[in-house]
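Here is a short briefing for a first look. Start with the sequence and the structure, then read the points below.

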Amino acid sequence: MDLSTLSLNELRRLQSKIDAEIRRRSDITRRELLKKMQKMAAEEGLSLSDIIPGATNDSPATVNKARRSAKGGGKKTGKVPPKYRHPDDSSLTWTGRGRKPLWVENWIAAGNPLEALLIQPA
């Protein structure tokens with residue numbers, strides 16, 4: 001394609017079409033890669049969040065929907081209060097969300113119930 005023969009308006013239209021196509025193909029590639037990564041992790045009995053801190057196991061459609069709503073200035077939530085506390089070191093807490101801290105996993109591996117770590121309301 002000889003770009004020198006195109007007018008300025010034609011070049012701008014072409015540029016917007018190219019930008020749109022790049023976005024479309026990037027989204028498709030990202031979704032396909034996420035599906036492959038989720039499948040590989042599942043085959044090993046893991047989730048993406050087990051492998052990559054902060055990753056979700058949501059479907060690519062859910063991830064895209066969340067990304068779009070976040071761009072719209074969605075409402076931020078406050079800090080989540082801790083739900084569990086280490087029995088010997090009160091500075092170690094866990095909200096119950098995300099991956100279990102090592103001290104929680106060790107507690108459970110020792111045969112202790114997770115409920116024993118619950119912070120009791122005063």
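Helix α1 covers residues 8–43, which makes 36 residues. From first C-alpha to last, α1 reaches 52 Å, close to the 52 Å expected at 1.5 Å a residue. The model is predicted.

**Helix α1 and what follows**
- Three residues of α1 are buried: Leu-34, Gln-38 and Ala-41.
- An α-helix has 3.6 residues a turn, so residues three or four places apart point the same way.
- Gly-45 follows α1 and has a positive phi, near 75°.

**The loop between α1 and α2**
- Ser-47 sits in the loop that links α1 to α2, and α2 spans 48–51.
- Is Ser-47 buried or exposed? Ser-47 counts as buried because its relative accessibility is 15%, and the cut-off for buried is under 20%.
- The side chain of Ser-47 makes a polar contact with the side chain of Ser-49, at 3.0 Å.

**The protein chain as a whole**
- How many helices and strands does the protein chain have? The secondary structure comes to four helices and two strands.
- Along the sequence, these elements follow the pattern α-α-α-β-β-α.
- The protein chain has 122 residues, and 13% of them count as buried.
- Take the contacts between residues at least 6 apart in sequence: 24% of these join residues at least 24 apart.
- The protein chain exposes about 10000 Å². Carbon and sulfur atoms supply 54% of that area.

Key: Residues are numbered from 1 along each chain as its sequence is written. This is a predicted model: local features need pLDDT of at least 70, side-chain atom pairs count only at pLDDT 80 or more; totals for chains, interfaces and linings use all residues. Side-chain values use heavy atoms; hydrogens and water are left out. Buried means under 20% relative accessible area, exposed over 50%, partly exposed in between (1.4 Å probe, protein chains only). Contact means heavy atoms within 4.5 Å. Accessible areas come from the Shrake-Rupley method with a 1.4 Å probe; for residues, only the protein chains shown count as cover. The expected span of a helix is 1.5 Å times one less than its number of residues. A polar contact is a pair of N or O atoms within 3.5 Å; within protein, one must be able to donate a hydrogen and the other to accept it, and residues adjacent in sequence count only if both atoms are side-chain atoms.
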